[in-house]
Amino acid sequence: MSFLSKIFGDSNKKELKKFQLLVDKINSLEPEFEKLNNKELKAKTEELKKALTQDKSKEDILSQAFALVRRAAQITLNQRHFDVQLIGGMVLHQGKIAEMRTGEGKTLAATSPVYLNALDGKGVHVITVNDYLSKRDCVWMGQIYYALGLSISCIVHDAAFIYDPEYIQENQNVKIKNQNDNVKIKNGERDKERDEFGGFKVVEDYLRPCNRKDAYRCDITYGTNNEFGFDYLRDNLVHNSNDIVQRELNYVIVDEVDSILIDEARTPLIISAPAEESADLYYKLSQIVKNLKSGEDYVIDEKTRSVSFSQTGKEGFKGTMIDLKGPEKIIEALGEDPWENNNLTLIHHIDAALKAKTLFLKDRDYVIKDGEIIIIDEFTGRLMIGRRYSDGLHQAIEAKENVEVKQESTTMATITFQNYFRFYKKLAGMTGTALTEAEEFHKIYDLEVVVVPTNKPMIRRDMIDKIYQTKEGKFKAIVKEIKECNEKGQPILVGTGGFTIGEQTIGAIEKNRIIKNFLEKEGINCQVLDATNHEKEGQIIAQAGKLGAVTVATNMAGRGVDIVLGGNPTDKEEQKKILELGGLHIIGTERHEARRIDNQLRGRSGRQGDPGSSHFFICLEDDLMRIFGGSRLAPIMKGLKVPEDMPIESKVVSHSIEAAQRKIEGFNFDTRKHLLEYDDVLNKHREKIYQRRRKALEMDLKELNQEILRMIEEEIKKIVSFHTANEDKYKWEIKEIVKTIKNIFPVVQDLEQELKDICKSSQGKALKEQIIKYLTELAIEAYNQVQEKVEETKKDWNDPEVNKSSLMEKLAKSILLQSIDRYWVYHLEVINNLKGGIGLRAYAQQDPLVAYKKESFEKFNKLTQAINQQVVYSIYKIGLIRTIPRQPKRNIELSGASKTSQENRIINRPKGTKKPGRNDQCPCGSEKKYKKCCYPKYG
């Protein structure tokens, strides 16, 4: 690559030169814009909006917009955009990824492109990795946008807020000093709490609660990837167009883009409803697999993270009943052979129980909190509250840990982030670590990565990895280095991950405890940041740069919050001492499988030209070393009798580790790309169905009638064509045609005789067309009669909602939407089952992907036909309806990659009434038995 760069030049440098010309132009405007006060800032915004409506493009006004934002930031935050932050903003405006190192101010850099793209009034979304950062950035950066006359909001998983500097929480007595629009705002007149702690603390007073629809109508909306994705799915489940909250997906900036579009790409967002399933089966299977032994009954493949039964046991079972293995022990315990009986459901649950036992381990993959299994994100270490593993795996883990097993779910709507974010007209992202995944960003999202230079030269010292024979030796060395640095007063950040030895697994949470115990024995106090206290991560990480601070953190390491030397707010005397000591020292307790995770940890040190250092400690028992090459090094170290506390420092070994990381990254990329190829097929189905659904919501009565009559005519054509396939018209099945037509709409006259008379008068194709035309005319006449009767009976309903508009429109639209929803849910299940077994086509010399595309296309055609048939065979029966069909309220579960929420039924039981029995009908209105419905929640 370097050889090609010498010939053709570095494309990144060429790009930066173009941006520098625009930076010079923005800088030239600064003297003029420095004279602007708050009132004039808003007037300038109106000028730019007007310019966009007068054939000016965003590129034409970019320099003015960026200069205006820089001025607003100076007035409100007392922060001035660095030139490199302007360059980062230009990269984001172009719909690319800006790689900016940690501490370079990505949050502030994004304000310029956000403002510029919000001027057309179509809305800008800013994606953050959690609710805390959404609220923080809405308040912190909201002052800039508000000063410029734009509206700002944020979406969190259980609420929505609009930024309002006048708003004070009801229980607060503190009054906020209003900003004066006519004068320059001085430091002392701003709210001190927000100015001093806004980088890591949310000042709730500025957030006025609102509904989601109003939040999305704001010019700029902050929120997490999950919330935007769930709102998209929910908008495609509503039965009234007024309930749609999102606008057209226009422009989005994704913060920590590598975390969201790479790490979480394989985790789909799912809206599901509980299905009936017995919990006893999960507990029973969990007890059975608990007695199985690794190596004898099953084999674990750690590289692919899979488990399978030992083959020897299967072969030996039929010949003898002695020394039962794997499946044979399960067969004996169950009293039946699910493999022989082809009981696929039971086999699936057995596999899930075995995976739960062997591959998913407490404090590494999940924690138990308040009697619930909560998943830990393997990349960030955060608790993923509300998220559940699919396909019965979560229930198997619940049974394994002997907590309450919750119901299985039926998928109602689903989408991956890969496909959701490609719906936006313009997608951009920012992170400190994107270059290692540049190929994936380009091939999957068509996003280019531009590396933005640092504001000041990077002087951090990255030391060669130290490699130890055992974990004990590694931990001793880590503690020794922490003690040495701590004695000097140098702040330290220790990054942790999980590791496995044989059947024993130590998660990042447990490793934090181990390190803390070691440090306490040495008399060293430390702050621990892991998935059990992530609510405080901002406050903890913000103070990790204080003199003598020792912070032990999982891989998340407080992303999004700056570690400022001397603490936050900064103590200048402390900062001076820390600079002399060498700045923040980073210690990595192992290498992660992705290089960018290691780079993220390193990047916490050396911000804005500060000194700093990083050092990784590795042992041969670490997962990465053990699985990828450590076994070759272990005999050499033992043969040389290297003590466990003596390290190897070798660039060759470090390079081999990086080579292993590249292999894993390539493998993960291929996996994500492969999954996307399959998901793209379903995505096309989703787009078609959602377009049809949205169109149905927006139809008036005339358009609705035309659509329904078109479906009726198509159905009549199919019926006639099927029963008149014979070339001899005397062999046509006229009775079957009449029988089927009468199932669709009522027929008064002797239809069979009428059709026979038509057959006598014509021949060939013209005869079929004449029959179709005649039946279609009858169908239209019957439809009009039904419509008249429905509108006549409207007054008898005594329903204020019905009297507002056409009753026929409401009923017909309800039938069409319910038909789409019902068959779409079924289609999702069918496609999921198809995907599960399509890989076997490779044994028949077929390309599984080609076979999947072909069969899924056929199934989508069947889906369309099923929807149309449901509408056609239902529409003539609406005259019998005496109340508007409404979707029954269900326990809707939202599962995603970081945070989720639940929308549950609420049982309102009048005071003094008897609590329902387990077999009584549930009072929530679902028409299910209480034990199968709300009993698990309310008891």
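Author: Two strands count as paired if DSSP finds at least two bridges between them. The model discussed here is predicted.

Reader: Which residue stands opposite Gly-223 in β6?

Author: Strand β3 (residues 152-156) and β6 pair in the parallel sense over 4 bridges. Within this pairing, the residue opposite Gly-223 in β6 is Ile-155.

Reader: Which residue of β6 does Thr-128 stand opposite?

Author: Strand β2 (residues 124-128) runs parallel to β6, and 5 bridges join them. The residue of β6 that Thr-128 stands opposite is Thr-224.

Reader: How many residues of strand β6 are buried?

Author: Ile-220, Tyr-222 and Thr-224 point one way from β6, Thr-221 and Gly-223 point the other way, and all are buried. Strand β6 (residues 220-224) is therefore largely enclosed by the rest of the structure, the count of buried residues being 5 of the 5.

Reader: How many residues of helix α7 are buried?

Author: The buried residues of α7 include Thr-111, Pro-113, Tyr-115 and Asn-117. Helix α7 (residues 111-118) is largely enclosed by the rest of the structure, because the buried residues number 8 of the 8.

Reader: How far from Lys-466 is the nearest side chain of opposite charge?

Author: Lys-466 lies in strand β18 (residues 466-468). Leaving aside neighbours within four places in sequence, Lys-466 is in contact with residues including Glu-481, His-615 and Glu-649. A salt bridge requires a side-chain nitrogen of Lys or Arg within 4 Å of a carboxyl oxygen of Asp or Glu. Lys-466 is buried yet has no salt bridge, and the nearest side chain of opposite charge, Glu-481, is at 4.3 Å.

Reader: How many residues apart in sequence are the parts that the pair of Tyr-232 and Phe-423 ties together?

Author: The structure holds 17 aromatic pairs. The rings of Tyr-232 and Phe-423 have centres 5.3 Å apart and planes at 40°, so this pair is tilted. Tyr-232 lies in helix α12 (residues 225-235) and Phe-423 in the loop between α19 (417-420) and β15 (426-431), so the parts tied together are apart in sequence by 191 residues.

Reader: Is Phe-423 buried or partly exposed?

Author: Tyr-232 counts as buried at 13% relative accessibility. Buried means under 20% relative accessible area. With a relative accessible area of 22%, Phe-423 is therefore partly exposed.

Reader: What is the angle between the planes of Tyr-420 and Phe-421?

Author: Tyr-420 is buried, with a relative accessible area of 0%, and Phe-421 is buried, also at 0%. Their aromatic pair is edge-to-face, with 5.1 Å centre to centre and an angle between the planes of 70°.

Conventions: Residues are numbered from 1 along each chain as its sequence is written. This is a predicted model: local features need pLDDT of at least 70, side-chain atom pairs count only at pLDDT 80 or more; totals for chains, interfaces and linings use all residues. Side-chain values use heavy atoms; hydrogens and water are left out. Helices (H or I, at least four residues) and strands (E, at least two) are DSSP runs, numbered from the N terminus. Buried means under 20% relative accessible area, exposed over 50%, partly exposed in between (1.4 Å probe, protein chains only). Lys and Arg count as positive and Asp and Glu as negative; His and the chain ends are not counted. Contact means heavy atoms within 4.5 Å. Rings of Phe, Tyr and Trp (its six-membered ring) pair if their centres lie within 6.5 Å; planes under 30 degrees apart count as stacked, over 60 as edge-to-face and the rest as tilted.
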